[in-house]
Amino acid sequence: MKAIGNPQIAPFVAQLLKLIGGILILSFLLDFIILAFPAQPRDGLWQIGFATAMVDRGITPMIGLALLLIGYWLYDRSDNALTKPPLWLSLKFWALLLSSLLGLLFLLVIPFHINNVNQESARAVERIERDSTQAEAQLQSQLDQLQAQLGDEKNRAQLENQKNQFKAQVTALLQNEQLYQQAIKSDRTPPEQKKLLQEFKANPQALEKYLAQQSDPVTLGKERLDELQQQKQKAQSQARLEALQSSIRMAIRGLLIAIGYIAIGWTGLRNMLSASKPV
């Protein structure tokens, strides 16, 4: 307390706090200008990124305002405090006015951000739906072509021959433990084939089931269609969840920051206006 009241230390500390506070406020304003260039006000993704960046940096000027006001408070309590300048020439007044404007700005950002996030989420869900529909249509077309090919007796006989050859090769490999181990340990064997061989080794009936599935394009097609549907639903749910998380995060952080700025600005301005009134 004695150090603060020292006529030499108090003004120095006050000026230092005001300097640091001013630098923090200016750094935020510079970030605001840099991030806003080049402006793309019609781009929803740009608006979301800009608003998010501003809210993430929103606490910096608040700390600067706090340091600035503490610096003015220390200086006013010191013995070296000079006559106060007019209200309109006081940096403290403009800092408090800026705080009030920032509070209103962050309040306005919240609904705009939530609206942009919801619109982008709806576009993402629509894009996922469109891509999934195209993939399903392509798969269905391939299935139709395959079914048409299997309608020919010659093609069915060829497919049956290939199935029997595959079964004979796999059975021979599974019965020869040395060849089986070499295939499992070899780097040339794809991981999918290793997994199938291990499954066939553990359960001989799995081979018959696999061959039946491979020779039944309808079953394989339905399984693949089910996978596409599950992937689509998962992607759409993820898009909606990310939008909800972004909206909640922005609403809470933005509201808290806005309340802080408005409280600082309006309270400070009211006190300054009251003190400037003639007694």
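Predicted model: local features only at pLDDT ≥ 70, side-chain atom pairs only at ≥ 80, totals over all residues.
Let me begin with a pair of helices: H7 and helix H8 (residues 191–202) pack at an angle of about 145 degrees, with their axes 9 Å apart. Here the axes are lines fitted to C-alpha atoms, for helices over the stretch in contact, and angles run from 0 to 180 degrees between N-to-C directions. Helices themselves are DSSP runs (H or I, at least four residues), numbered from the N terminus. On the H7 side the contact (heavy atoms within 4.5 Å) is made by Glu177, Tyr180, Ala183, Ile184 and Lys185, and on the H8 side by Lys194, Leu197, Gln198 and Lys201. Sorted by class, this contact has four nonpolar, one polar and four charged residues, where Ala, Val, Leu, Ile, Met, Phe, Trp, Tyr, Cys and Pro count as nonpolar, Asp, Glu, Lys and Arg as charged, and the others, Gly among them, as polar.

Residues are numbered from 1 along each chain as its sequence is written, and side-chain values use heavy atoms, with hydrogens and water left out.

Now to H7 itself. Which residues of helix H7 (residues 177–185) are buried? They are Tyr180, Ala183 and Ile184, where buried means under 20% relative accessible area, exposed over 50%, and partly exposed in between (1.4 Å probe, protein chains only). These residues lie on the same side of H7, because they cover an arc of only 100 degrees around the axis, the arc being that of the directions from the helix axis to the C-beta atoms. On the other side of H7, Gln178 and Lys185 are exposed.

Let me turn to two other places. The peptide bond from Phe37 to Pro38 is cis, with omega near -5 degrees, and Pro38 sits in the loop between helix H2 (9–35) and helix H3 (44–56). For comparison, most peptide bonds are trans. Further along, Ser121 belongs to helix H5 (residues 91–150), and Ser121 counts as buried because its relative accessibility is 11%. Leaving aside its neighbours within four places in sequence, Ser121 is in contact with Ala239, Arg240 and Ala243.

Finally, the whole protein: there are ten helices and zero strands, and buried residues make up 29% of its 279 residues. Among contacts between residues at least 6 apart in sequence, 76% join residues at least 24 apart.

Notes: Helix = DSSP H or I, 4+ residues; strand = E, 2+ residues; numbered from the N terminus.
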